Amino acid sequence: MSVEPNPGIVALSPYVGGDATLAGDDALTLVRMMSNENPYGCSDLVKHAFRDMSSHFALYPSSSHGPLRQAIGEVHGLSPHRIVCGNGSDNLIHMITQAYVQPSQEVLYTRHGFLVYPIAAQAAGGVPVAVPETRDFHPDFDALLGAVTPKTKIVFLANPNNPTGTYVADGAVWAFREKLRSDILLVLDSAYAEYVEAPDYDAGVRLADAFDNVVMLRTFSKAYGLAALRLGWGYAAPSIIQTLEKTREPFNLNIVAQVCGEVAVRDQDFVAFSRKNNARVRTWLAGEMDKRGYAVVPSQTNFLLWHVGPHAQEVYDHLCHHSVYIRRVKAYHLPHHLRITIGTQAQCQRFLDVLSLKKE
Ligand SMILES: Cc1ncc(COP(=O)(O)O)c(C=O)c1O
């Protein structure tokens with residue numbers, strides 16, 4: 001007789017990331033615009049800090065992440081006691097569902113929300129519930145409230161959302177929290193917060209300060225350009241942080257992530273540089289797409305969602321054939337769309353050039 005995994009795990013399909021066959025391609029001509037990574041790399045100060053790190057490799061890293069939490073707290077004006085760090089924000093999403101969801105409890109997320117939410121919910125034995133969005137890809141708060149049942153335990157809301165790139169204003173999120181039952185945890189995933197330019201946006205600090213049932217999640221994988229180091233953090237009321245600390249693996253952050261993360265968060269000039277260039281190239285690329293009659297969803301992030309139509313797979317294959325990698329979003333129930341990460345202007349120009357080859 002074989003050993004059976006938990007029922008939730010049996011039913012799971014694993015997360016599939018964006019593909020770029022690096023080994024087969026010429027790394028110099030390859031255009032990686034599929035995983036919302038930072039095309040400008042990371043801060044020079046981080047590269048410098050990394051240089052001599054091998055002398056620390058024989059020792060266990062800090063299990064409390066004290067200096068890193070201190071640095072995040074100082075830069076964002078937050079108490080380090082309300083911060084928890086994870087091996088990427090994915091790690092925190094799993095920690096939260098593990099700590100709060102009991103078997104058969106429900107986890108709500110928007111229909112085109114980040115795929116890790118239903119995976120984490122199911123892995124914890126819970127039931128993921130996808131809630132329809134508005135026609136323009138925004139959360140439908142009435143629909144979310146309508147989907148709440150006595151079994152609802154968590155609502156995940158990515159703001160801005162991946163893969164739609166849309167955001168919701170602070171006031172709307174606040175009003176939603178006020179209407180949501182107080183024994184339901186609201187997780188605001190602000191992975192793309194650094195890129196947002198809308199003045200009525202708040203990443204979630206205000207809400208997490210005011211309510212003891214809100215968690216804000218952040219990542220170093222996007223604007224900080226440290227996706228490979230796996231580093232994310234959460235901000236919430238002390239009671240939530242203490243709960244998450246109970247199940248956190250003691251050494252979930254390696255020494256490189258801790259030291260480089262501390263240096264990175266203190267280098268806000270690099271973040272400003274990333275934000276500025278992203279906004280410039282995003283505006284330019286959206287304009288170029290528009291000129292060509294291609295419909296993209298207005299974005300506050302480092303990617304654009306493009307409505308291609310029924311030939312989305314064909315366009316995707318054509319781009320891959322020329323070593324330009326963007327992202328299929330079929331798994332997000334968007335089979336006619338593709339997601340384009342905002343690369344450098346040269347990468348985006350190459351994307352447009354390769355696209356035009358197909359039209360001819
Ligand atoms: C909305 C959202 N949340 C979380 C993550 C995960 O980020 P991390 O690299 O910190 O695990 C991503 C990654 O693409 C994302 O798009």
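Contact here means heavy atoms within 4.5 Å. The model is predicted, so local features need pLDDT of at least 70 and side-chain atom pairs count only at pLDDT 80 or more, while totals for chains, interfaces and linings use all residues. Residues are numbered from 1 along each chain as its sequence is written, and side-chain values use heavy atoms, with hydrogens and water left out.

**Ser-43**

Ser-43 sits in the loop between β1 (31–32) and α2 (44–50); helices (H or I, at least four residues) and strands (E, at least two) are DSSP runs, numbered from the N terminus. Ser-43 counts as buried because its relative accessibility is 3%, where buried means under 20% relative accessible area (1.4 Å probe, protein chains only). Beyond its neighbours within four places in sequence, Ser-43 is in contact with Asp-267 and Phe-270. The side chains of Ser-43 and Asp-267 form a polar contact of 2.7 Å. A polar contact is a pair of N or O atoms within 3.5 Å; within protein, one must be able to donate a hydrogen and the other to accept it, and residues adjacent in sequence count only if both atoms are side-chain atoms.

**The ligand**

Residues surrounding the ligand include Phe-114, Asn-162 and Arg-230.

| Residue | Atom of the residue | Distance to a ligand oxygen |
|---|---|---|
| Ser-89 | backbone N or O | 2.7 Å |
| Tyr-192 | polar side-chain atom | 2.7 Å |
| Lys-222 | side-chain N or O | 2.9 Å |

**Helix α3**

The buried residues of helix α3 (residues 66–76) are Leu-68, Arg-69, Ala-71, Ile-72 and Gly-73. Gly-77 follows α3 and has a positive phi, near 70°.

How values were computed:
Near = heavy atom within 4 Å. Buried < 20%, exposed > 50% of the residue type's maximum accessible area, 1.4 Å probe, protein only.
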